[in-house]
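This briefing covers aromatic pairs, charges over rings and nonpolar cores in one protein model. Please read it with the structure open.

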Amino acid sequence: MDRPPLHTIAVVGLGTMGTGIADVLARAGREVIGIDISDAAARQATAAFEASTARAVQRERMTEGERQDALARFRTFSDLQAAAEADLVIEVVPEDYDTKCQVFSALDTVVKPDTILATGTNALSVTRLAADSDRPERVLGLHFFHPAPAMKLVEVVSSVLTSPEAVTAVTALARDLGKEPVAVGDRPGFVADGLLFGYLNQAAAMYESRYASREDIDDAMRLGAGLPMGPLALLDLIGIDTARTVLDAMYADSHDRLHAPAPILRQLSDAGLTGQKAGRGFYSYDAPGSSVTVADASTPDDGAARTPGRPVSTVGVAGSGTMASGIAEVFAKAGYETVLAARSDEKAAAAKDRIATSFERSVKKGRMTDEARDAALARITPAGSLDALSDVDLAVEAVAEDLAVKQQLFETLDKVCKPGAVLATTTSSLPVVACARATSRPQDVVGMHFFNPAPAMKLVEVVRTVLTGDEAHATVREVSTAIRKHPVDCGDRAGFIVNALLFPYLNNAVKMVEEHYASLDDIDAAMRLGGGYPMGPFELLDVVGLDVSLAIEQVLHREFRDPGLAPAPLLEHLVAAGCLGRKTGRGFREYARR
């Protein structure tokens, strides 16, 4: 016999997450019993619910009558005895095993025999909590994401002891709440946080090593990977102490160095600098609990004196592929005289035709006038030889990602380009200094990593080698701003900022599938709905190309020598089989061939 829907639900712990879950439940017609030992927390939860429903009425998402009904369904208490008639209890107390065990032990003596007990943990063992309960078959994990009213994902976590009936009932509830439930097994971090926190930890370590500023790391991941927040800002939102707890649990389970909490997380946490809730973490905020950042000692000084760059009026782009034509399009549109140099006149002409087609699309969409299109096209001079770059002020290399090919090209640019010209490489993973050493002017060589598609993506990683001069570096930063891109500074090491943080995350997603922990679809859904990612990891891998992804992961592994960065065997097998993603019609998924 099917069990009746879960109607009366107790939420134990009325912090930010507990309050958000109670809000979702009460609006969906459930009777909600909010329980917290702190009267102040209960009052704050009630006030927050009143405010959120008032905003909903103001925005015409609910009527005043519906609001009053929802408010009447939410009652608060200070004693666990209030959960006696609950069909489901959701525990959202602090991430401490002893505290949670005490709550579960007390609930065992209070609730009905068929009541389901759910923990909101994202780091602790659901199995261990279940084993210590008098009703292990009725204990499971129910992991909402912050903010609970807005985030669609709910991870339903089963232990080996959980009954299928309990899982079915809670999954049905999640769907009734308008959420997307994903069934996962019991391991620290589950799917979304299991992938997210490794990435956040690497970002913290990157900042701690002074490889890049906190602003540049966060801007790079927002603009280069399309994420809603940068990793350091997200750590401040989540709570640095919470992140440390999750990572400790993940490391204890995996022994993967990528999960060993970066020392800076312990330092900040021990100092009480736990993020937004404390008013200071990686950033400083105008008050505890505020999301408004204020300047501090680490904030860049925009008024500081800087070395000026060299004047640039003519730009050369070496290459004829998608990236080269996209970069040439960006420069021409921004008003620069642009020489597009390919290996033959035919290839150069074809690249200019590709740009003309792109401009035509912009005109049809109303983003460009006919006059602007004609003027930009007139600024592009196609050429079948690098000799045409003899008079450019900035030469940008955008050829195949092969170090020998790039070094040979830089040898030629060194001979062809005039003294004082800045030479830039668009490599995404190869050492820029190796290109610089192929010339007699390494001080003039810099990395200028555009993202694909270059006309649309705002980010440019400006990569400075130990030999790059101040003038060359400043020139590329100034030009990046002039073409309406956002430059971020980083050093010359594998992956720079974005790829060094993005590809280990993608690799870990592949390992999750290899271990049969979750399906492609569940992982993609978890990261889109729980992490706010524009694409799931397998969607992204198939778009980027599995061969390209594997090559970048191999470079990262060679550079950092970390076993956790070794490419997943499944990725290597798919590449060996010629399954490279969308471009071949099959990668992690199959696609209709064009």
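The points below are grouped by topic.

This is a predicted model, in which local features need pLDDT of at least 70 and side-chain atom pairs count only at pLDDT 80 or more, while totals for chains, interfaces and linings use all residues. Residues are numbered from 1 along each chain as its sequence is written, and side-chain values use heavy atoms, with hydrogens and water left out.

**Aromatic pairs**

- The structure holds six aromatic pairs; rings of Phe, Tyr and Trp (its six-membered ring) pair if their centres lie within 6.5 Å, and planes under 30 degrees apart count as stacked, over 60 as edge-to-face and the rest as tilted.
- One of them, Phe 49 with Phe 74, is edge-to-face, at 5.5 Å centre to centre and 90 degrees between the planes.
- Phe 49 belongs to helix α2 (residues 39–58) and Phe 74 to strand β3 (residues 74–77), so the pair ties together parts that are 25 residues apart in sequence; helices (H or I, at least four residues) and strands (E, at least two) are DSSP runs, numbered from the N terminus.
- Both Phe 49 and Phe 74 are buried, where buried means under 20% relative accessible area, exposed over 50% and partly exposed in between (1.4 Å probe, protein chains only).
- The Tyr 505 and Tyr 533 rings have centres 5.2 Å apart and planes at 40 degrees, so this pair is tilted.
- Tyr 505 is in helix α18 (residues 498–514) and Tyr 533 in the loop between α19 (520–531) and α20 (537–544), so the pair ties together parts that are 28 residues apart in sequence.
- Tyr 505 is buried at 2% relative accessibility, and Tyr 533 is buried with a relative accessible area of 9%.
- Phe 331, Tyr 336 and Phe 450 make up one aromatic cluster.

**Charges over rings**

- Arg 187 lies over the face of Tyr 517, at 4.2 Å from the ring centre; the criterion is NZ of Lys or CZ of Arg within 6 Å of the ring centre and within 35 degrees of the ring normal.
- The charged end of Arg 493 sits over the ring of Tyr 211, 4.0 Å from its centre.

**Nonpolar cores**

- The largest nonpolar core has 105 residues, and those with the most contacts inside it include Tyr 199, Ile 497 and Phe 588; a nonpolar core is a set of buried Ala, Val, Leu, Ile, Met, Phe, Trp, Tyr and Cys residues joined through side-chain atoms within 4.5 Å.
- Helix α18 gives the most to this core, with eleven residues.
- Another core lies apart from it and has 36 residues, among them Ile 9 and Val 154.
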